[in-house]
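Dear colleague,

Please find the structure below, with my notes on what a computed analysis of it turned up. I would be glad if you could read the notes with the coordinates open beside you.

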Amino acid sequence: ISTIFVFGALIPDLIKSGVYLYEAVTDIHNIHIKEVIFALEVIIVFLFASLICTLMFMFFNFHRKLVRENKTTIENLEHKNKEYRSNYEMSEEENIIQ
């Protein structure tokens, strides 16, 4: 969840950086190199935060699926690509409550 807040906080800076880089490209004679580097750093941090946010979302969904099926990660890996039902699996709602 904190990654989403970082992601949201970076959007205004990303927009400002994009506008600044566009202006720097169109007016090549008034470039301040430190500001261009800062703008590129903001874009890189935004991309990195996006990657982390995506990976955390995938991690969360994988473990949510395991909770619904009442399986452990090891059980899931041992029976990968095979039909397997955990001995402890109940209905989806009971698995979540448990």
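Helix α2 has 37 residues and reaches 54 Å from its first C-alpha to its last, close to the 54 Å expected at 1.5 Å a residue, where the expected span is 1.5 Å times one less than the number of residues. Helices here are DSSP runs of H or I with at least four residues, strands are runs of E with at least two, and both are numbered from the N terminus. This is a predicted model, in which local features need pLDDT of at least 70 and side-chain atom pairs count only at pLDDT 80 or more, while totals for chains, interfaces and linings use all residues. Residues are numbered from 1 along each chain as its sequence is written, and side-chain values use heavy atoms, with hydrogens and water left out.

The protein chain has four helices and zero strands, and buried residues make up 18% of its 98 residues; buried means under 20% relative accessible area, exposed over 50%, and partly exposed in between, with a 1.4 Å probe and protein chains only.

Within α2, the buried residues are Val36, Ala39, Val42, Phe46, Ala49, Ser50 and Leu66. Leaving aside neighbours within four places in sequence, Tyr20 is in contact (heavy atoms within 4.5 Å) with His32, Glu35, Val36 and Ala39.

On the surface, Phe48, Leu51, Leu55 and Met58 form a nonpolar patch with about 430 Å² of accessible area together. Patches are made of residues with over 30% relative accessible area and no salt bridge, like charges being joined within 9 Å and nonpolar side chains (Val, Leu, Ile, Met, Phe, Trp, Tyr) within 5 Å. Leu55, which lies in α2, counts as partly exposed because its relative accessibility is 47%.

A search of the whole structure finds two salt bridges, each defined as a side-chain nitrogen of Lys or Arg within 4 Å of a carboxyl oxygen of Asp or Glu. In one, Lys65 pairs with Glu69, with the closest N and O atoms 4.0 Å apart; these two residues are four apart in helix α2, so about one helical turn separates them. In the other, the side chains of Lys71 and Glu69 meet at 3.3 Å, N to O. Through shared partners, the salt bridges join Lys65, Glu69 and Lys71 into one network. Lys65 is partly exposed at a relative accessible area of 29%, as is Glu69 at 22%, whereas Lys71 is buried at 17%.

Just after α2, Asn70 takes a positive phi of about 55°. Asn76, found in helix α3 (residues 73–78), is buried with a relative accessible area of 14% and, not counting residues up to four places away in sequence, touches Phe62, Lys65 and Leu66.

Notes. Accessible areas come from the Shrake-Rupley method with a 1.4 Å probe; for residues, only the protein chains shown count as cover.
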